[in-house]
Amino acid sequence: MRPMQDSAFPHWPFMKMHGLGNDFVVVDARKRHVLLTETLVRALADRHRGVGFDQLAVINEGTDLEITFYNADGSQSAACGNATRCIAAREMEMRGVDALTLDITGRGALQAVRGDDGVTSVNMGQPLLDWQDVPLAAAVDTLSLPIDGAPVATGMGNPHCSFFVEDVAVIDLAARGASIEHHSLFPERTNVQFAQIIGPDHIRMRVWERGTGITLASGSSSCAVAVAAARRGLTGRSVRMDLDGGTLHIDWRDDGVWMSGPTAHVFDGFLTQTFLDGL
């Protein structure tokens with residue numbers, strides 16, 4: 001099946017955005033009906049023959065707007081923090097407002113605000129700390145999983161497995177990430193993070209995202225690592241998170257985990273009918 005065409009849109013429009021190099025294709029389905037298939041998502045994700053992205057986001061009508069996320073392998077994701085911030089920043093600028101409610105498929109209503117410095121912050125909601133909510137396949141202590149390295153499990157709408165190590169630079173992220181993503185303890189697979197504590201409010205982190213692989217940054221992963229570090233007593237609840245692509249600020253407050261950082265709307269484009277017909 002191919003995406004449905006509309007005579008008002010002879011080509012298929014999209015936006016390319018990124019947060020700290022964690023990049024996205026964003027489709028605004030409020031302007032036209034879009035039918036996505038796994039084949040189309042995977043073709044778009046191809047950095048050589050398509051557009052290339054870590055996640056794809058589709059905007060629909062919602063409280064203010066609704067967003068559905070897809071991974072590069074075509075599977076659906078329940079959360080993508082950096083894409084949420086990027087979309088919120090653009091939408092607030094277009095509407096001339098400083099606050100917005102985004103309905104995230106699988107996660108619920110999230111609040112976004114724009115600060116006086118232009119930085120966009122999103123409340124990613126409360127972390128899920130019980131094993132069945134992450135979810136895990138067995139009733140184990142989420143603060144110390146029975147996996148070599150005793151990682152922490154956290155749900156942020158999607159599952160996360162966070163390892164604390166002495167030096168993230170020496171970790172074979174490709175090998176370890178791929179292996180842990182498919183660990184039997186995670187029935188829905190998992191995002192994997194390796195984190196190094198720099199100080200009581202400073203963490204260095206690298207990430208492997210389920211369905212995508214190594215990414216320069218991840219918003220939900222940053223939130224999960226910050227929560228895990230605070231639960232372990234390694235840091236406070238407000239931290240600077242240094243990723244391969246840049247820095248985010250995470251603040252675990254009473255009302256949820258707030259994430260702040262830069263956003264970029266890189267370009268707008270169109271898919272050609274030739275590309276679509278070739279799928």
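Where in the chain is the place of Ala138?

1. In this predicted model, Ala138 belongs to the loop that runs between strand E8 (120-123) and strand E9 (152-155).

2. Leaving aside residues up to four places away in sequence, Ala138 touches Trp131 and Leu185. The C-alpha atom of Ala138 is also separated by 9.7 Å from that of Pro187, a residue 49 places apart from Ala138 along the chain.

3. On the rings, the count comes to two aromatic pairs. One of them joins Phe14 and Phe267 in an edge-to-face arrangement, at 6.1 Å centre to centre and with 75° between the planes. Since Phe14 lies in strand E1 (residues 12-19) and Phe267 in strand E17 (residues 264-271), this pair ties together parts that are 253 residues apart in sequence. Phe14 counts as buried at 8% relative accessibility, whereas Phe267, with a relative accessible area of 37%, is partly exposed.

4. Phe163 and Phe194 form an aromatic pair that is stacked, with 4.9 Å centre to centre and 15° between the planes. This pair links distant parts of the chain, as Phe163 is in strand E10 (residues 159-164) and Phe194 in strand E11 (residues 191-199), 31 residues apart. Both Phe163 and Phe194 are buried, and Arg176 lies over the face of Phe163, at 5.3 Å from the ring centre.

5. A further charge placed over a ring concerns Arg237, whose charged end sits over the ring of Trp252 at 3.9 Å from its centre.

Note on methods: Residues are numbered from 1 along each chain as its sequence is written. This is a predicted model: local features need pLDDT of at least 70, side-chain atom pairs count only at pLDDT 80 or more; totals for chains, interfaces and linings use all residues. Side-chain values use heavy atoms; hydrogens and water are left out. Helices (H or I, at least four residues) and strands (E, at least two) are DSSP runs, numbered from the N terminus. Contact means heavy atoms within 4.5 Å. Rings of Phe, Tyr and Trp (its six-membered ring) pair if their centres lie within 6.5 Å; planes under 30 degrees apart count as stacked, over 60 as edge-to-face and the rest as tilted. Buried means under 20% relative accessible area, exposed over 50%, partly exposed in between (1.4 Å probe, protein chains only). A charge sits over a ring if NZ of Lys or CZ of Arg is within 6 Å of the ring centre and within 35 degrees of the ring normal.
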